[in-house]
Structure formats: C-alpha cells, structure tokens
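Welcome! Here is a short tour of one part of a protein model, strand by strand and then along a helix. Please have a look at the structure before reading on.

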Amino acid sequence: EIEARDLVQLLRSDRLAVAERRGLLERFGALARRLHDAGVDQEDFAPNNFLMRPDGALVLIDFERCDVRRRPLGAARWTQLAKLHRRGLGVSRSDRLRLLRAYLGEAAGREQRREAWLRIWPEFRRIRRHDARHAEASAFREGRNLAVEGDGWVMRARVEAKTIALELPPEAARSCWLRALQLERLGLPALRPVRLAGGRVE
C-alpha cells in the first residue's frame, strides 16, 4: 500500500506554494520524458495516475493499459502529452509551458517548444472530440455510473446529493442532461447531472 496523493490533488491544493507547484510540474515533466524515452506507453496518461510518495518521489500507477516498447515513443508521445490537458490541472498556461519545457529539456529553445506544442494541440482537439462523442454515446446507457430509475436515469454516486431542478419539455431536458454530461467529461465548469425523469432534470 502506497501512502501518497495524486498529482491532481496536489496541484489543486491551496497549501501548495507557487514555487512548490512549479517545482512539482518540472519534476513531472522530466519524469514523463524519462518514461517516454524508456518506451513506456501508458494508454491513460493522466495526472491522477501519478502519485507523490511521502519521500517526494513521483511514481506511475495503473498498469492495466500500459505497454513497454523496445524503443522510445515516437509520435505517440505527443498524444500522451495531450492527454495531460484533457482535465483541469488547476495550473496556469505559463505553468503548462513550464511542464513542456522540463519535458523537452534545458537545451530546447523557443522554436522547439513551439513545434512541440503544434504537435500536441491537434491531438488535444482530437481527444476532446472523442471524449464528447463518448459522453453522448453513454448518456442513456446503463453502466457503472448510470442507472435506470423508474422511467428516467440517475447517477449512482449522486443519488443522495442535494440538487436544483429544472422543468423543461422532455426533449429539452434530455438535451440538457446530455450537454451536462459532455461538459463534465471534458472537465469544463458546469452543474453536474444527477437525475433525469421526463421533463425534469436535476
């Protein structure tokens, strides 16, 4: 058992000083580069899959969809870096660039950083479109998070949550439910969906 907190928790913490946050991002960027150079291909390359132990060491978890290749990652590294940005990290744009600079190394100049970002950005947009389609496909499908409740739907983990309710025409309610799920999937600020029944959405 590892006594540790994931990167998302750490970066969003109010207790983390600016200098500590920047240092953490730089160490994470350097670690990501070492992993990619070693051929580690983690399908879910997300900040919550990296933990910091009490001794300050960063470790990768969730090896279920992880593969180790015989050579450094090629273009796949840009896809992996794009995945880091699919959820809010709680850091500024300059901090994201600081992470990229640490990933590329001290020898990388402004033009190399620009070229790297031009590779990351299209992948980021593609991943976001995929996430939105996935949310749409699962918006009305019973599964681990979503359950049928009477003639409607409810998010299992939020059954007891306090809610506000909107009374809308049924089609508008379904659309509202879908858009809320998509925004949540994309990590964008929005009210989290709890329950849908006819024209009532909470």
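This is a predicted model: local features need pLDDT of at least 70, side-chain atom pairs count only at pLDDT 80 or more; totals for chains, interfaces and linings use all residues.

## How strands pair

Two strands count as paired if DSSP finds at least two bridges between them. β7 (residues 152-155) and strand β9 (residues 195-197) are joined by two bridges and run antiparallel. Across this pairing, Leu196 of β9 stands opposite Trp153.

## The hairpin on the other side of the story

Strand β6 (residues 146-149) is also a partner of β7: the two run antiparallel, with four bridges between them. Together β6 and β7 make a hairpin, with two residues between the strands. In its turn, Gly150 has a positive phi of about 65 degrees.

## Which way do the residues of β7 point?

In a regular strand, side chains alternate between the two faces of the sheet. In β7, Gly152 and Val154 point one way, while Trp153 and Met155 point the other way. All four of these residues are buried.

## A helix packed against the strands

Next comes helix α6, which spans residues 170-185 and has 16 residues. From its first C-alpha to its last it reaches 23 Å, close to the 22 Å expected at 1.5 Å a residue.

Which residues of α6 are buried? They are Ala173, Trp177, Leu178, Ala180, Leu181 and Gln182. These buried residues pack against β6, β7 and β9, and also against α5 (110-138) and β10 (200-201). Just after α6, Gly187 takes a positive phi of about 75 degrees.

Definitions and conventions:
Residues are numbered from 1 along each chain as its sequence is written. Side-chain values use heavy atoms; hydrogens and water are left out. Buried means under 20% relative accessible area, exposed over 50%, partly exposed in between (1.4 Å probe, protein chains only). The expected span of a helix is 1.5 Å times one less than its number of residues. Contact means heavy atoms within 4.5 Å.
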